[in-house]
Amino acid sequence: MTVMKNNNYNNGTVNFGGNKSGGGKGYFYVTTPIYYVNDKPHVGHAYSTVIADSIARFKRLSGYNVFFLTGTDEHGLKVEKEANSRGITPKELADSVHIKFKELFAELNISYDRFIRTTDADHVKTVRIVFEKLLENGDIYLSEYEGWYCTNCETFLTEKSLTEGGGCPQCGRQASKVKEESYFLKLDKYEKKLLDYIENNPDFIKPEFRKNEVLSFINEGLKNLSISRTSFKWGIQVPGNEKHVIYVWFDALLNYLTGLGYEDFLDGQNQDFYRFFKSVNHIVGKDILKFHAVYWPIMLFALGLEPPKTIIAHGWWLMDGKKMSKSLGNVVDPVSLIKKFGPDALRFYLLSEITLGLDGDFNIDNFVARYNSALANDLGNLVSRTAAMLNKYTAGKIPGCGVLEDVAVLKTAYDILNGLSGRYDDYDFAKILEDIFRFINILNKYINDSAPWKLNIEDPEEKINLLKILKTVAMSIYCVSYMIYPFMPETSNKINNILNIKPFNLPGFSARPEDMKDNCEKLFKDEFCIIEKTEMLFPRIKLEE
Ligand code: ME8
């Protein structure tokens, strides 16, 4: 990439994985929505970002050149109003709130490559370049908008779609009538092209069932989109007609081009731009699918670019059946959960509790119960009891090639590893985690059933058996550490430290999941010692705490 310019690039949190410029097997670009800065982040924002991070981490392990973009959406009426109500400027509000997102992402070990702000100079420049380009080619024209607007959703609404009391169909808040001169983006011109694209690209919208919503929206007939406002100030000004500010969604969607260095690409200086952009996976909440699956591809058509490869629309976290959102005042603070339970407990809960695409209730009792049973009891206990047995029976030594491992147990691990790439292609995180935890329970049962503590270490035959059990479990835990790495990177690192084993991308090793069997066999050929002092991965927590 040719875009390493400011401190919004992350160079600290990724401990291992592929690199961005090495000769991997392909390019992979993953994005989160960029979040409004009208308030600090809640668990819903953490969710989209953790999904993207897990995919980015897995793809890096698999040898892809990954670019992972996240950031903040800082313009628009909603942000301006919030700033006014706090008695500060919108830029001051953005400056303070974007930090909260960065802090949360650091706490959660989010391995983004760039944190973009729509007030960044290169973004402002990109938006103006694009606006001028489309004005020149006739896809943008000046006219007048008369209709309804929801400030909370920053969306234009048709009269027909309003609720009985004149509310926004999405958030229920009162819509307001606006009449102003406006620039429009031609949508009708590209309607047929978009329908063909959706039809011919089954991977475009995921999960599959969301496709019909998008199709029925398009089939109602696309009206040209108003993309500028004159009634407020906080936005990017239209080049040459500065009483207009560019509509916040037009501005925001373009972050996906700025983040990759579109400006340099236009100057012929960024070879990677096209390679990355062709592989883009946009992670979005279902509430903003329309913007990504309808307006965004049309903007790209107008620019002569291909629509995104895949848009993954996830469901909502609810509280007592209602969407968690600032306006309802029912949000869960991710930072306090991380303080108490650690980042991986939150990452685990978010990714395992709901199947991608569906909604789920965020229930704190359930959160604590899952933490105690899956993380403290099953995973934490497996690692600590194994470390304790190794320290007690073999002075911490994991036996080398003189001792054979139990192939039947390891086969389960290798089967999961072999299926991982396909599962990730389906974004089936809850299922992957279910398989991993089923395997963890197989290991706990294997230890219970074979009861190494009953074996007599003085008896040569029983000793061999004991060593075999310990070696099998140690190798299996190494596989578990690999499998959980994209979901729970900190825990994976801790397990590798306990086992005294290096990360997965050692020189001469491939870190693809399919190659883990070979890696494992190579690594455990030699005898080595685990570290003596092991830390508790997930201390049990009482609900009352
Ligand atoms: O829409 N459950 O920003 P936003 C799950 N700036 N996910 C949730 C959630 C919940 N309860 N609440 C929010 C915007 N999210 C625009 C996006 S992109 C070019 C511009 C997540 O701050 C979900 O991904 O309102 C949703 O799409 C995103 O946060 C919206 O964040």
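Does Arg210 count as buried or exposed, and at what relative accessibility? I looked this up in a predicted model.

**Entry 1: Arg210**

I located Arg210 in helix H6, which covers residues 210-219. Its relative accessibility is 7%, so I recorded Arg210 as buried, given that buried means under 20%. I then listed the residues that Arg210 touches, leaving aside those up to four places away in sequence: Ile205, Lys286, Leu289, Ala313 and Gly357. For Gly357 I noted a further detail: its backbone oxygen lies 3.4 Å from a polar atom of the Arg210 side chain.

**Entry 2: helix H4**

I checked the length of H4, residues 121-136. Its 16 residues, at 1.5 Å a residue, should span 22 Å, and the end C-alpha atoms are 23 Å apart, which agrees. I wrote down the buried residues of H4 as Asp122, His123, Thr126, Val127, Val130, Phe131 and Leu134. An α-helix has 3.6 residues a turn, so residues three or four places apart point the same way. After H4 I found Gly138, with a positive phi near 85°.

**Entry 3: strand S4 and its partners**

I followed S4 (residues 140-150) to S6 (residues 176-185); the two strands run antiparallel and are joined by ten bridges. Opposite Leu142 I found Tyr183 of S6. S4 also pairs with S5 (residues 155-157), again in the antiparallel sense, over three bridges. There I recorded Phe156 in S5 as the bridge partner of Tyr149. S4 and S5 form a hairpin with four residues between them. In that turn, I noted that Glu154 has a positive phi of about 45°.

Note on methods:
Residues are numbered from 1 along each chain as its sequence is written. This is a predicted model: local features need pLDDT of at least 70, side-chain atom pairs count only at pLDDT 80 or more; totals for chains, interfaces and linings use all residues. Side-chain values use heavy atoms; hydrogens and water are left out. The expected span of a helix is 1.5 Å times one less than its number of residues. Buried means under 20% relative accessible area, exposed over 50%, partly exposed in between (1.4 Å probe, protein chains only). Two strands pair if DSSP finds at least two bridges between them. A polar contact is a pair of N or O atoms within 3.5 Å; within protein, one must be able to donate a hydrogen and the other to accept it, and residues adjacent in sequence count only if both atoms are side-chain atoms. Contact means heavy atoms within 4.5 Å.
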